[in-house]
Amino acid sequence: MVGDFNSRNTNWGCNHTDPRGKIIEKIIDDENITLLNNGTFTRHNSSKGTFSAIDLSLASPSISPYLSWEVKTDYFNSDHWPILINIHHRNSPHTPYNTNKWNLRNPNWTLFSDIVDKTMSENQMLNNELNTDDIDIIVKQFTSIITEAAHKSIGKTITHPKKTPVPWWSKECNNAIKNYKKALNRYKKTKTIPDHINLKKAKALSRRIIKHQKIESWKKLINDLTPNTPIKEAWKKIRLIQGIQFNETPQTLTIGDKTYHSSLEKAEALAEVFEKNSSDENYSPEFRNSKSKNETDNPIIFSKDENHPINTSINVQELYDALYKCNSKNSKGHDEIPYIFIKQLPISKRTFPTPWKRAIIIPILKPNKDRHEVTSYRPISLICTLSKLLEKIVSKRLYWTLKHTNFISNQQFGFQRNKSTIDALTILTEDIYSAFNIKQHLLLTSLDIEKAYDMVWRHRILDILQKNNINGNTFAYISNFLSKRTFSVKLNETLSSNHNLQNGIPQGSSLSVTLFIIAINELPSIIPPTLKTIMFADDSTIYCKGRNVNTSKTIMQNAINEISKWEKSTGFKFGPAKSKSILFSYKTNITSLHIYMNNILIPPTNDLKMLGLNLNNQLNWSKHIKFLKTKTKSRLNVIRAISDRTWGANSIIIMRTYKSLVLSVIDYGSIIYGAAPEAILKSLDPIHNQGIRLSIGAFKTSPIPSILCEANTPPLEIRRNMLTYKFALKRLADKNNAISPYLFNTSPPSLHLKKNQPISTRIKKWLDTTNTPLPKLLSPTPYIFPLGK
């Protein structure tokens, strides 16, 4: 059903909700209808210059997985834009090319290990003393030994585009269908009672096997769903289970006036765009001259430091630890070796094999971008698994060394043990409440770094490592790891030519994360002590509290000026246009903010999205709760589609899907936004109750306490309190954690905080209400790992 309902609701993209919109929303929920709208505007009122989404598209849950919805911004003499709904058949081909994959359904690992063991023992170069000049040849031979053994013992299978397979189909399903067809043909010929009984048995067995395989596929699907899974990807996974796959690769790509048609042309165009991201042309002329002079005058000199623990030989236990966390079948690079091959193998030099410096890039469409534009794609790198294993080991050693020497700033919360986005957000929001408590404001600037990974100055990283006494083999390894990196773009099984990464650190490597933290670690030290800094990887936020807004603006402007000087000497480039400034205050008559970076105004705002939470200038959480309602409403459509199926998705599996896809979104940040007024928080309860009702198949008239009890799931209020208490206990165990002082702050809240309760107040209230004493906490185990001997 498609039409102009003339109803406005934020759930389908309007700016506000009117009475008619509330009625339509209630009908959709009560009648279990799927809303296809994705939040895109469908109408342009040219006289007023406004946009709205009053044209709704509704479908039953049984056919919604087969539909794709898109708005075409063409007028056709109407202020309503056309809506294109495509119906996709299960057996429609989804790829115009064949793909070769390892046949890992029935591998002969014993034969694989024996072949590798025998071939390696007969290879003289692998058994002789290693010559660093032959490292590329040795890696090539070792890779060839593994792949040739895999061809003999495992083999490859070719996927044809004739029919879209369903992921739950297995050899058991195939045999069961064959046996059923044999019994059917036999009964057609004989018409005897025994053959009729055998036919019924074969039919029942095939149905049971297929149902079991579908259930297992649902379980695997649910394990892949996370709070960060975009709703588009969730729908794609649901459709995959049902055998529906859409062709995401456009037939043509364009950039400027040029149009590319063939896979090779499109791959080359994408590769050229990705190569420009790391080009020296992105630096300012002033920094390019400084960079060239610095690298010429201060060349990197290798020195020996074999006694440092970081340079000891790698042992087998470290290799096993790195392999344990790797996905066995996926993420193989251009060498075509998945981790599972290395796990089946019979189990310190200053060189880095050239093949390991090459990455295969898969272009991924950015959210809400035109898929026909070359610049709308981001690169996802696939690196050789052998290289990634060694990178994991080196990264773990390097991180241990940096933590052991207290190198990493306490203001860095990204990729840190016992630190997360929730820690950073809790500290920020508690500081805002603290400012409100003493009738002050808090001025905040969120900084954006352009091409953060692509433009890291490699020479500076190496210089920082040497200044912190990291030398020897590890330093040489990192230096080689960063130099002469290349990549090729893979599109529809077609590879582009090799392109160079002139600057930056390789994406897709665990070592790159640690190196980036090293590169940006100096930033908090240049910020004046009157301000506070919070960083999560490349997301940097600085703020200060005060009573006089003009004074705070002056302090903030001075800090921004220092950051501008710092970026000119480090290669980082902050983007003022994408940065934001916001003033948190209960006062409404505040003068507008004018903070500049490099003579460009940092846009002031009343709402800021930071690390997944929407913060408004009075921190009452109303906008974030509306965002959660809109996001979870669309995700409930997935639950409707699953619960409508007659196979596979029983109540237990649907409940797991609800927890993975919907409840996890509500849970994220609930420790923080739990400070919102009770009336605002209660608006999330209907979504939670409806998700539970759909999951267990309860009647509309079933009382809410009974369905929550049957689902063994507490109400959201109790769940928020439990999550907050667990989080507090975990962080209090580490007394050196920056968040510990905020969790049990005994200072009484002022009248300003009657509606919004800080985390310390909520924890105390929970302990008093439940009469729970604070348990004795054990200190966390220190960060250690076995080094080679």
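Okay, quick definition before anything else: two strands count as paired if DSSP finds at least two bridges between them. Strands themselves are DSSP runs (E, at least two residues), helices likewise (H or I, at least four), numbered from the N terminus.

This is a predicted model, where local features need pLDDT of at least 70 and side-chain atom pairs count only at 80 or more, while totals for chains, interfaces and linings use all residues. Residues are numbered from 1 along each chain as its sequence is written, and side-chain values use heavy atoms, with hydrogens and water left out.

So, the sheet. Thr 445 stands opposite Ser 581 in β20.

Now, the largest cavity: about 180 Å³ of space. A cavity here is a set of points on a 1 Å grid over the protein atoms alone where a 1.4 Å probe fits but cannot get out, and lining residues have an atom within 4 Å of a point. The volume is the space filled by probe spheres set on the points, which are joined across faces, edges and corners.

Who lines this cavity? There are 20 residues, and the closest to the centre are Ile 361, Ser 381, Asp 454, Leu 501 and Gln 507. β15 gives the most, three residues.

Terms used: On a 1 Å grid over the protein atoms alone, a cavity is a set of points where a 1.4 Å probe fits but cannot get out, and a pocket is an open set with protein on both sides within 12 Å along at least five of seven lines; lining residues have an atom within 4 Å of a point.
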